[in-house]
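Please read these notes with the model open beside you. They go through a sheet, then some side chains and rings.

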Amino acid sequence: MTPTGPTGPVSPGDATAAAAPHTVEFLRRLYPGDEPERAAWGVRIDDTDLRALVAEATRAGWSREWETSEEPPDGREEREERLMSQHAPLVMEDDAHARRHFLGDPDPERREPETGAMALLGCICGTDECWPMMATVTVTAGTVTWSGFHQPYRPEWGILAMGPYAFPRTAYEQALAAPLRLPGRGFLHLSDHYGFDDCDSEEHDSGQIP
């Protein structure tokens, strides 16, 4: 039986992060609407948007489908657009909700009861369960690891060729506590190139963003 810690399953995975640690960055933008703290939370791994990593990992599976599809992409540009726009960042009710989720304690509808895997991306329609990207989030005393990425509605694709991504837990929790807070309300577009110059200047000046 795998022992468990306060925020998720514990396994001897710390050596992975020590050998080849990855970096993670969280991006936060308030979501359109009247709820004051509801926000979309994006993720960058080693400076690459998680959606771009998923697009590359699912390219072969989609290519096989499009070969027999009645409505395949019309040319390379549309093919790339479909790959890049298949997922959206998860929307969280507030920052505490996001911290619970990304430390391995998601809402029930964002977890697979059979495998324990959880959603790290949702569907562009706004309903995460419609087209989620699932992965196993393993939390130990020293690391947080994302592994076993898969698309539940395409079991024939199996485990995707991405990851595992092992993050030193201290750096992971620091990134989660201080996301890149983008100004205004809106969506996180994959084509946008966000940096600290784009963040909320008041929060940055107050020390909430390092």
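1. Two strands pair if DSSP finds at least two bridges between them. Helices (H or I, at least four residues) and strands (E, at least two) are DSSP runs, numbered from the N terminus. The model is a predicted one, in which local features need pLDDT of at least 70 and side-chain atom pairs count only at pLDDT 80 or more, while totals for chains, interfaces and linings use all residues. Residues are numbered from 1 along each chain as its sequence is written, and side-chain values use heavy atoms, with hydrogens and water left out.

2. Begin with the sheet. Five strands make up an open sheet, in the order β6-β8-β9-β10-β11, and their pairing is antiparallel. The edges are β6 (87-88) and β11 (165-168); each has a single partner strand, so one side of each is left without a neighbour in the sheet. Strands of a sheet pair through backbone hydrogen bonds, either parallel or antiparallel.

3. Now follow the pairs across the sheet. Between β6 and β8 there are two bridges, in the antiparallel sense, and H87 stands opposite C123 in β8. β8 and β9 run antiparallel and are joined by three bridges; M118 has A135 in β9 as its bridge partner. Strand β9 (residues 133-139) pairs with strand β10 (residues 143-150) over five bridges, also antiparallel. Here V139 has V144 in β10 as its bridge partner.

4. How many of the residues of β8 are buried? Six of its six are, so β8 is mostly covered, where buried means under 20% relative accessible area, exposed over 50%, and partly exposed in between (1.4 Å probe, protein chains only). Helix α2 (residues 50-67) lies across β6, β8 (118-123), β9, β10 and β11, and runs at about 90° to β8. For this, contact means heavy atoms within 4.5 Å; axes are lines fitted to C-alpha atoms, for helices over the stretch in contact, and angles run from 0 to 180 degrees between N-to-C directions.

5. R181 is in strand β12 (residues 180-185) and counts as buried, at 9% relative accessibility. Its side chain and that of D95 are joined by a polar contact of 2.9 Å. A polar contact is a pair of N or O atoms within 3.5 Å; within protein, one must be able to donate a hydrogen and the other to accept it, and residues adjacent in sequence count only if both atoms are side-chain atoms.

6. The whole structure holds 13 aromatic pairs. Rings of Phe, Tyr and Trp (its six-membered ring) pair if their centres lie within 6.5 Å; planes under 30 degrees apart count as stacked, over 60 as edge-to-face and the rest as tilted. W131 and Y153 are a stacked pair, because their ring centres are 6.3 Å apart and their planes are at 10°. W131 lies in the loop between β8 and β9 and Y153 in the loop between β10 and β11, so the pair ties together parts that are 22 residues apart in sequence. W131 is buried at 12% relative accessibility, whereas Y153 is partly exposed at 44%.

7. W146 and Y172 form an edge-to-face pair, 6.2 Å centre to centre with 85° between the planes. W146 is in strand β10 and Y172 in helix α5 (residues 169-177), so this pair ties together parts that are 26 residues apart in sequence. W146 is buried at 0% relative accessibility, and Y172 is buried at 0%. Ring pairs link F26, W41, F102, W146, F167 and Y172 into a cluster.
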